[in-house]
Amino acid sequence: MRPFELVTAEDPNQAVALLSEHPDASYLGGGTNLVDHLRLGVATPTLVVDVRRLPLGEVERSEDGGLRIGATVPNADLAAHPVVRRDYPMLSRALLAGASGQIRNAATTAGNLLQRTRCAYFQDVTTPCNKREPGSGCSAVGGYTRYHAIFGASESCLAVHPSDMAVALAALDATVVVLGPAGERRIPVVDLHRLPGDEPDRDTVLAHGDLITAVELPAPSGAKSTYRKVRDRASFAFALVSVAASLDVEGGTVREARIAFGGVAHKPWRAHLAEDALAGVALDPDDPEAQEQAFLDAADAELAQASPVGGAAGDFTEGNEFKVGLLRNTLVSVLRELSAADSGAESEGTRR
Ligand code: SF4
């Protein structure tokens, strides 16, 4: 590990000033990702600014009936918060699915959003990786892509964003509050992360020195919602695919659907085409076949954009084509669950 200077920030403006003055500096939140990268040589800052003691640890009701979540609120506290559990169950479930209890205790809200891809090549400094070292190449092209993107990838990078929480926040139309050298601004979570293009080293639209100070949730919609994650191990693992969804049904007709996917793109993937396909659809519990077809049509509308990576049969480079069918089945199953919950068969994960 390369030696670095460690400074504890006293207030947010001081933290931003410190980063802005040092191009090789990094913020330290819970450390659950950065410390690994320091050990692996993936991150080599000369200055680390500890922001965990900043006064950003509160969860508060906002004036519009939404929720303001401080950047340093631990993932465990947010998942267990009674208002989050009652009004935003999708978020609570995503946080619980995201990591073990020990990691949830340490990881922060902002750190969760800013964690970096778990692409194995990114974390192995002996292999080419455009995200870690721009211009060096992408080892996943022609390599192991089981955990890689089926939406929005480029020739430069096929990586996916690893956060579960970010997927729920994207579906909830959450906003991040950012403090930069020029002051405060707000960015919708759906616009925070980037597709890789030819600059995969840039995970987000944030500039060096920008500090996320809070996440704001709109007032709860009252729609049934849930989060479902499919992974290789039942214990903690990153998503092969995940679905955050809410279904607002009025008089048997879908008024609004909100859907985001995880594990399939360089950013939480908001499934606007699936949402549009569901809007206005009549869900008749006495006609389950028509309902099932509507859910399949919605999934297929979104999946028409998928560009999975094929693999050679029997080879370790199996590709990720399986994710298309897996995501289709997962979305349809989630929509079925939400629809059933709305018609009375409510489950733990879909309460309002
Ligand atoms: Fe690096 Fe992205 Fe290629 Fe992984 S997929 S090796 S992160 S450039």
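Me: Helices here are DSSP runs of H or I with at least four residues, strands are E runs of at least two, and both are numbered from the N terminus. With that settled for this predicted model, in which loop is Asp 173 found?

Reply: Happy to start there. The strand to look for is S6, which covers residues 175–180. Asp 173 is in the loop that joins this strand to a helix, namely the loop between H8 and S6.

Me: What is the phi of Asp 173, and is the residue buried or partly exposed?

Reply: Asp 173 is not a glycine, yet its phi is positive, at about 60 degrees. Its relative accessible area is 38%. Buried would need a value under 20% and exposed one over 50%, so the class in between applies. Asp 173 is therefore partly exposed.

Me: Let's turn to salt bridges. How many does a search of the whole structure find, and how far apart in sequence are the parts that Lys 229 and Asp 164 tie together?

Reply: The search finds 22 salt bridges. In one of them the side chains of Lys 229 and Asp 164 meet at 2.8 Å, N to O. Lys 229 belongs to strand S9 (residues 224–230) and Asp 164 to the loop between helix H7 (109–114) and helix H8 (165–171), so the pair links parts whose separation in sequence is 65 residues.

Me: How far apart are the closest N and O atoms of Arg 194 and Glu 199?

Reply: Arg 194 is buried, with 15% relative accessible area, whereas Glu 199 is partly exposed at 34%. A salt bridge needs a nitrogen within 4 Å of a carboxyl oxygen. This pair qualifies, its closest N and O atoms being separated by 3.9 Å.

Me: Which residues are closest to the ligand?

Reply: The ligand takes up the space of the largest cavity. Its shell holds nine nonpolar, four polar and one charged residues. Of the 14 residues around the ligand, the closest are Cys 119, Cys 129, Cys 138, Cys 157 and Leu 158.

Me: What separation do the C-alpha atoms of Cys 119 and His 148 have?

Reply: Cys 119 is found in the loop between H7 and H8, and it is buried, with 11% relative accessible area. Along the chain, Cys 119 and His 148 are 29 residues apart, while their C-alpha atoms are separated by 7.5 Å.

Me: And what is the C-alpha separation of Asp 124 and Arg 86?

Reply: Asp 124 also lies in the loop between H7 and H8, where it is partly exposed at 29%. Asp 124 and Arg 86 are 38 residues apart along the chain, and their C-alpha atoms are separated by 41 Å.

Me: How do the residues lining the second largest cavity divide by class?

Reply: This cavity has a volume of about 50 Å³. Among the residues that line it are Arg 116, Lys 131, His 161, Asp 203 and His 266. By class, the lining divides into one nonpolar, four polar and three charged.

Me: Last one: which residues are closest to the centre of the second largest pocket?

Reply: About 320 Å³ of space lies in the second largest pocket. Of its 20 lining residues, the closest to the centre are Arg 118, Cys 119, Tyr 147, Phe 238 and Ala 239.

Key:
Residues numbered from 1 in each chain as written. Predicted model: local features only at pLDDT ≥ 70, side-chain atom pairs only at ≥ 80, totals over all residues. Heavy atoms only, no water. Near = heavy atom within 4 Å. 1 Å grid on protein atoms, 1.4 Å probe; cavity = no way out; pocket = protein on both sides within 12 Å on 5 of 7 lines; lining within 4 Å. Sits in = over half its atoms within 2 Å of the grid points. Nonpolar A, V, L, I, M, F, W, Y, C, P; charged D, E, K, R; others polar. Points joined across faces, edges and corners; volume = space filled by probe spheres on them. Buried < 20%, exposed > 50% of the residue type's maximum accessible area, 1.4 Å probe, protein only.
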